[in-house]
Amino acid sequence: MKKIILIILGITTFSVSVNAQKYFTKSGKITFDATAPSSPEQIEAVNRSATAVIDTKTGAIQFSVLVKGFSFERALMEEHFNENYLESNKFSKSEFKGTIMNNSAVDYSKDGSYNVKVQGKLTIHGVTKDVITDGKLVIQGGKINASADFGVLLADYGVSIPGLVADKVAKTAKISVNCSLELFKG
């Protein structure tokens, strides 16, 4: 009987320590900016419902966002974004799956700020490409704030811009990620 109790206690302790390695959010913020330098119009959108997971033990990191969740200042831009450019009915989500390459340099057990390099695969518009970018992790009060800024060449992801608006839309969109993650309690 004592052996069974010890085995159950050991399994419970192991599962708690494994779960304690994952941080999660469903309210991450991703900003998309495709404003051309010469354009008087801002072509910016924000999505505040990105899902993100970081496994502090392995450095695995994943972000996922519904394309229709991006909000533009003007409804017509949002309509064009969803129907003509990213075709959100056909390609409903974009995601990144990768790894924090210098994960061992991050001390998740104490407050601090850490510059990280992230490598993985970014899928937009049904096209997946390898991406390497710099990011920042801020550990504070048992939470992780993950942020990164990088550019995406729209043509690389099969997003074509019609000649009529080509001078208003940047060829490279700026993507900003900012997520506050909490310990996963599942």
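Asp33, which is located in strand β1, is buried but takes part in no salt bridge, and the nearest side chain of opposite charge, that of Lys174, is 4.6 Å away. Here buried denotes under 20% relative accessible area, exposed over 50%, and partly exposed the range in between, for a 1.4 Å probe and protein chains only. A salt bridge requires a side-chain nitrogen of Lys or Arg within 4 Å of a carboxyl oxygen of Asp or Glu, and for charge Lys and Arg count as positive and Asp and Glu as negative, while His and the chain ends are not counted. The structure is a predicted model, in which local features need pLDDT of at least 70 and side-chain atom pairs count only at pLDDT 80 or more, whereas totals for chains, interfaces and linings use all residues. Residues are numbered from 1 along each chain as its sequence is written, and side-chain values use heavy atoms, with hydrogens and water left out.

The side chain of Asp33 does have a polar partner, since a polar contact of 2.7 Å joins it to the side chain of Thr35; such a contact is a pair of N or O atoms within 3.5 Å, of which, within protein, one must be able to donate a hydrogen and the other to accept it, and residues adjacent in sequence count only if both atoms are side-chain atoms. When neighbours within four places in sequence are set aside, the residues in contact with Asp33 are Ile43, Glu44, Thr172, Ala173 and Lys174, contact meaning heavy atoms within 4.5 Å.

The protein chain as a whole contains 2 helices and 9 strands, arranged along the sequence as α-β-β-β-β-α-β-β-β-β-β. These elements are DSSP runs numbered from the N terminus, with helices being H or I of at least four residues and strands E of at least two. Of the 186 residues in the chain, 37% count as buried, and among contacts between residues at least 6 apart in sequence, 61% join residues at least 24 apart.

Strands β5 and β6 run antiparallel and are joined by 6 bridges, with Ile100 opposite Val118 in β6. Strand β6 in turn pairs with β7 over 13 bridges, again in the antiparallel sense, and Leu122 has Lys129 in β7 as its bridge partner. These two strands form a hairpin with 2 residues between them, and His125 in the turn has a positive phi of about 55°, although His125 is not a glycine. At 10% relative accessibility, His125 counts as buried. A positive phi in a residue other than glycine is also found at Glu87, where the value is near 45°; Glu87 lies in the loop between α2 (75-85) and β5 (93-100) and is partly exposed, with a relative accessible area of 28%.

Strand β7 (residues 127-140) is joined to β8 by 6 bridges in an antiparallel arrangement, in which Gly135 stands opposite Ala148. The hairpin of β7 and β8 has 2 residues between the strands, and Gly141 takes a positive phi near 60° there. Strand β8 also pairs antiparallel with β9 (residues 169-183), over 10 bridges, and Phe150 stands opposite Ile175 in β9.

A search of the whole structure identifies 5 aromatic pairs, defined for rings of Phe, Tyr and Trp (its six-membered ring) whose centres lie within 6.5 Å, with planes under 30 degrees apart termed stacked, over 60 edge-to-face and the rest tilted. Phe24 and Phe184 form an edge-to-face pair, at 5.7 Å centre to centre and 65° between the planes. Because Phe24 lies in strand β1 (residues 22-35) and Phe184 in the segment after β9, this pair ties together parts that are 160 residues apart in sequence. Phe24 is partly exposed, with a relative accessible area of 26%, and Phe184 likewise counts as partly exposed, at 35% relative accessibility. The rings of Phe72 and Phe81 have centres 4.9 Å apart and planes at 55°, so this pair is tilted. Phe72 is buried, at a relative accessible area of 9%, and Phe81 is buried at 4% relative accessibility. Ring pairs link Phe72 and Phe81 with Phe32 and Phe70 into a cluster.

Technical notes: Two strands pair if DSSP finds at least two bridges between them.
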